[in-house]
Amino acid sequence: VRKPSKAPGPVGPTLPRAMVAKEDVKVCDEGFLEAKMGDKVTVLEESPGDEKVWAEKERKEGWILKAQLVKKLPPWQLQKVKKEPAAPKAKVAAAPVVIRHMITTCNVQH
C-alpha cells in the first residue's frame, strides 16, 4: 500500500475535511477504500492535479477518487440512502449450554 508523500507544497482546502461518497465505490486496486453511497469519508491528504486523495473511513486509510466524493448528497440521493433497508445484522448462534449434574451416593444408615 503506497502512502502519500509528505512533500511540502500548496494545499487545497483545509485538511482533514469530511466528505460523502456520492455512489457505491468498489475496491479497484490494493490500497483503495470501499464505500457505499452516503458513507462519510475524511480526506486526510490531497495533491493539486491528482485524481485521488488519501482518506479514512471507519478507521481504515486508503486512496479514493475525488470524483466519487461530494461535500453533501443532493436531496434526491439522500432520500434514496435513507430508504434503503439496513443490512440485516448477523445472528449470533447461541452457544449450547451444558449442564453437568454431580450425582453422589451416600450410605445412609437408619
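Me: What is leucine 33 in contact with, leaving aside its neighbours within four places in sequence?
Reply: In this predicted model, leucine 33 is in contact with Val25, Val27, Ala55, Glu56, Lys57, Lys60, Glu61, Gly62 and Trp63. Contact here means heavy atoms within 4.5 Å.

Me: What makes up the largest nonpolar core?
Reply: Leucine 33 is one of its 11 residues.

Me: Which elements does the protein have, and in what order do they run?
Reply: There are one helix and five strands. From the N terminus on, the order is β-β-β-β-β-α.

Me: Why is arginine 17 called buried?
Reply: The relative accessibility of arginine 17 is 18%. Buried means under 20%, so arginine 17 counts as buried. Arginine 17 is found in strand 1 (residues 17–21).

Me: How do you know that a polar contact joins the side chains of arginine 17 and glutamate 46?
Reply: The distance is 2.8 Å, and the cut-off for such a pair of N or O atoms is 3.5 Å. The pair therefore counts as a polar contact. Glu46 is also among the residues that arginine 17 touches, together with Val41, Thr42 and Val43, when residues up to four places away in sequence are not counted.

Me: Why is the pair of tryptophan 54 and tryptophan 63 called edge-to-face?
Reply: The structure holds one aromatic pair. Its ring centres, in tryptophan 54 and tryptophan 63, are 5.0 Å apart, and the planes stand at 80°. Rings pair if their centres lie within 6.5 Å, and planes over 60 degrees apart count as edge-to-face, so this pair is edge-to-face.

Me: Are these two tryptophans buried or exposed?
Reply: Tryptophan 54 has a relative accessible area of 4%, and tryptophan 63 has one of 7%. Since buried means under 20%, tryptophan 54 is buried, and so is tryptophan 63.

Me: What makes the charged end of lysine 52 count as sitting over the ring of tryptophan 63?
Reply: The charged end is 5.0 Å from the ring centre, and the cut-off for that distance is 6 Å. The definition also asks for a position within 35 degrees of the ring normal. Lysine 52 is listed as sitting over the ring.

Me: Why is leucine 44 called partly exposed?
Reply: Leucine 44, which lies in strand 2, has a relative accessibility of 26%. Leucine 44 and alanine 55 are 11 residues apart in sequence, with their C-alpha atoms 5.0 Å apart in space. Alanine 55 is also among the residues that leucine 44 touches, as are Leu15, Pro16 and Trp54.

Me: Why are glutamate 58 and arginine 59 called exposed?
Reply: Glutamate 58 has a relative accessibility of 64%, and arginine 59 has one of 80%. Exposed means over 50%, so glutamate 58 counts as exposed, and arginine 59 does too. Glutamate 58 lies in the loop between strand 3 and strand 4 (60–65), and arginine 59 is found in the loop between strand 3 and strand 4.

Me: What is phi at glutamate 58 and at arginine 59?
Reply: Phi of glutamate 58 is near 50°, and arginine 59 has a phi of about 65°. The value is positive at glutamate 58, a residue other than glycine, and positive at arginine 59, which is not a glycine.

Methods. Residues are numbered from 1 along each chain as its sequence is written. This is a predicted model: local features need pLDDT of at least 70, side-chain atom pairs count only at pLDDT 80 or more; totals for chains, interfaces and linings use all residues. Side-chain values use heavy atoms; hydrogens and water are left out. Helices (H or I, at least four residues) and strands (E, at least two) are DSSP runs, numbered from the N terminus. Buried means under 20% relative accessible area, exposed over 50%, partly exposed in between (1.4 Å probe, protein chains only). A polar contact is a pair of N or O atoms within 3.5 Å; within protein, one must be able to donate a hydrogen and the other to accept it, and residues adjacent in sequence count only if both atoms are side-chain atoms. Rings of Phe, Tyr and Trp (its six-membered ring) pair if their centres lie within 6.5 Å; planes under 30 degrees apart count as stacked, over 60 as edge-to-face and the rest as tilted. A nonpolar core is a set of buried Ala, Val, Leu, Ile, Met, Phe, Trp, Tyr and Cys residues joined through side-chain atoms within 4.5 Å.
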